[in-house]
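Work through the exercises below with the sequence and the coordinates open side by side. Each task sentence is followed by a solution in steps.

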Amino acid sequence: MLLDFTYYNPTRIYFGKDSLASLDNELQNYGDTVLLAYGRNSIKTMGLYDKVMAALNNAGKKVIELAGIMPNPTYDKMMEGARLVRDNNVSLILAVGGGSVIDCAKGISVSAYCDEDPFQKYWVQFQDIANKVVPVASILTMVGTGSEMNGGSVITHEEMKYKGGRVFPVEVYPKFSILNPEYTYSVPQYQMVSGVFDTMSHLMEQYFSGDDSSTTDYLIEALLKSSIDNARAALKNPEDYESRSNLMWNATLALNTLTGLSKPQDWEVHIEHQLGAYTDCAHGMGLAAISLPYYRHIYSYGLDRFVRFATEVWGISPKGKSKDDIAKEGLDALEAFTKECGIVTSLKELGATEDMLPKIAESSFVLEGGYKKLSKEEILGILKECF
Ligand code: NZQ
Ligand code: ZN
């Protein structure tokens with residue numbers, strides 16, 4: 001049954017090979033000064049930096065640059081951007097990059113005019129926004145997080161060893177996002193498959209919760225199947241436009257609130273955030289490592305849904321098998337897919353050391369939306385299994 005809902009997503013998406021052309025028109029809607037936020041090298045080596053700069057110059061904008069936003073963006077980097085925005089009266093933050101750059105841009109947006117410690121206020125205490133918010137827009141170059149069409153902002157406070165995720169309300173969503181699948185051709189395979197698993201994890205986090213069957217569940221199954229098929233095609237040919245475009249749009253749809261609409265959700269696998277706080281690992285890789293032991297630990301509490309996952313997503317034949325066997329085969333298929341893609345599922349390989357595990361478990365969140373509420377000891381057990 002679909003629970004009652006209100007659905008509204010304000011981000012305007014420009015999708016396709018010529019989507020950058022829409023930047024000229026969009027820039028007319030904002031004031032004189034733009035903060036151009038980006039990562040380390042990729043936008044320059046792929047030639048995108050020059051194109052974006054040309055559009056900004058043509059529009060007569062004064063450009064302030066925030067370069068070097070790192071994967072798992074830090075509080076310090078965010079505050080560097082916040083100071084630039086306030087000191088220069090910036091009217092638009094244009095994020096060019098992956099989830100880290102866009103998340104950082106949203107963090108800058110809410111922090112620039114915050115008179116208190118924004119991290120405490122917004123990422124620790126989850127308070128409502130009580131200050132001016134600066135508009136954000138994005139040009140996406142790495143696929144997976146869905147940050148281009150949502151309010152998510154994940155910021156790492158290095159001193160606190162805390163990677164805090166916050167979903168901000170619609171005023172912080174990007175005003176517009178430009179999605180050109182060709183920009184993702186240069187993403188290294190390691191990052192690409194990490195992004196694919198991130199997309200799949202967002203879908204599974206929303207799927208593995210509740211007993212009802214709604215249109216949302218069917219949507220999720222379709223997006224999972226599309227992600228699996230198109231990841232295989234993109235692995236064979238990284239410049240296959242069709243598969244790259246499907247992967248890009250799947251990731252956006254997987255976390256723009258559509259596929260979580262009107263149903264309970266889990267999100268326990270995203271204890272990965274604390275793993276990231278300790279190891280700085282690629283987000284999707286950490287999710288993959290945790291997912292398999294986690295789902296094997298809880299599947300029997302949501303058996304019918306795991307059976308459906310096996311038959312509908314992975315095409316497992318149910319003939320002559322117990323529900324338990326079918327569910328296990330589905331999870332085996334998920335594991336085989338991670339191996340096929342070269343996804344790293346060992347925490348050790350992702351940079352964790354054994355002494356970190358209790359600290360990660362202790363600082364991780366325990367949620368109640370999944371099929372089984374975990375204790376901290378169970379979280380530690382799961383981390384040890386994927387160590
Ligand atoms: O720094 P550069 O040189 O740009 O390199 C980046 C970076 O090293 C590279 N890259 C990006 N586009 C490229 C490219 N390399 C070559 N060609 C291109 N076209 O990719 C690397 C990773 O980028 P990053 O932005 O860190 O990846 P991702 O998009 O996976 O973002 C991860 C961050 O998003 C958070 C994660 O926790 C993590 O901090 N998440 C945000 C969410 C949200 N906003 O809703 C939800 C997610 O669950 C996630 O937690
Ligand atoms: Zn994620």
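The model is predicted, so local features need pLDDT of at least 70 and side-chain atom pairs count only at pLDDT 80 or more, whereas totals for chains, interfaces and linings use all residues. Residues are numbered from 1 along each chain as its sequence is written, chains are lettered from A and ligands numbered from 1 in the order in which they are written, and side-chain values use heavy atoms, with hydrogens and water left out.

**Exercise 1. Classify the ring pairs that involve phenylalanine 208.**

Rings of Phe, Tyr and Trp (its six-membered ring) pair if their centres lie within 6.5 Å, and planes under 30 degrees apart count as stacked, over 60 as edge-to-face and the rest as tilted. By this criterion the structure holds 21 aromatic pairs.

Step 1: the ring centres of tyrosine 207 and phenylalanine 208 are 5.3 Å apart with the planes at 70 degrees, so this pair is edge-to-face.

Step 2: for phenylalanine 208 and tyrosine 295 the centres are 4.9 Å apart and the planes stand at 55 degrees, so the pair is tilted.

Step 3: phenylalanine 208 belongs to the loop between helix H7 (189-207) and helix H8 (215-236), while tyrosine 295 belongs to helix H11 (residues 283-298), so their pair ties together parts that are 87 residues apart in sequence. Helices (H or I, at least four residues) and strands (E, at least two) are DSSP runs, numbered from the N terminus.

Step 4: tyrosine 207 and phenylalanine 208 are both buried, where buried means under 20% relative accessible area, exposed over 50% and partly exposed in between (1.4 Å probe, protein chains only). Tyrosine 295 also counts as buried, because its relative accessibility is 0%.

Step 5: ring pairs link these residues into a cluster that includes Tyr294, Phe306, Trp314 and Tyr371.

**Exercise 2. Describe how strand S6 pairs with strand S7, and which way its residues point.**

Step 1: S6 (residues 152-157) and S7 (residues 162-167) pair in the antiparallel sense over 6 bridges, given that two strands pair if DSSP finds at least two bridges between them.

Step 2: opposite glycine 152 stands valine 167 in S7, and opposite serine 153 stands arginine 166.

Step 3: the two strands form a hairpin with 4 residues between them, and lysine 161 in the turn has a positive phi of about 55 degrees.

Step 4: Gly152, Val154 and Thr156 point one way from S6, Ser153, Ile155 and His157 point the other way, and all are buried. With 6 of its 6 residues buried, S6 is therefore largely enclosed by the rest of the structure.

**Exercise 3. Identify what surrounds ligand 1.**

Step 1: the ligand is surrounded by 31 residues, the closest being Arg40, Ser42, Gly99, Ser100 and Asp103; a residue is near a molecule or strand if one of its heavy atoms lies within 4 Å of it.

Step 2: helix H5 (99-111), S6 and H7 each supply at least two residues of this shell.

Step 3: a nitrogen atom of ligand 1 lies 2.7 Å from a polar side-chain atom of aspartate 103, and a nitrogen atom of the ligand is 2.8 Å from an N or O atom in the side chain of threonine 141.

How values were computed: A polar contact is a pair of N or O atoms within 3.5 Å; within protein, one must be able to donate a hydrogen and the other to accept it, and residues adjacent in sequence count only if both atoms are side-chain atoms.
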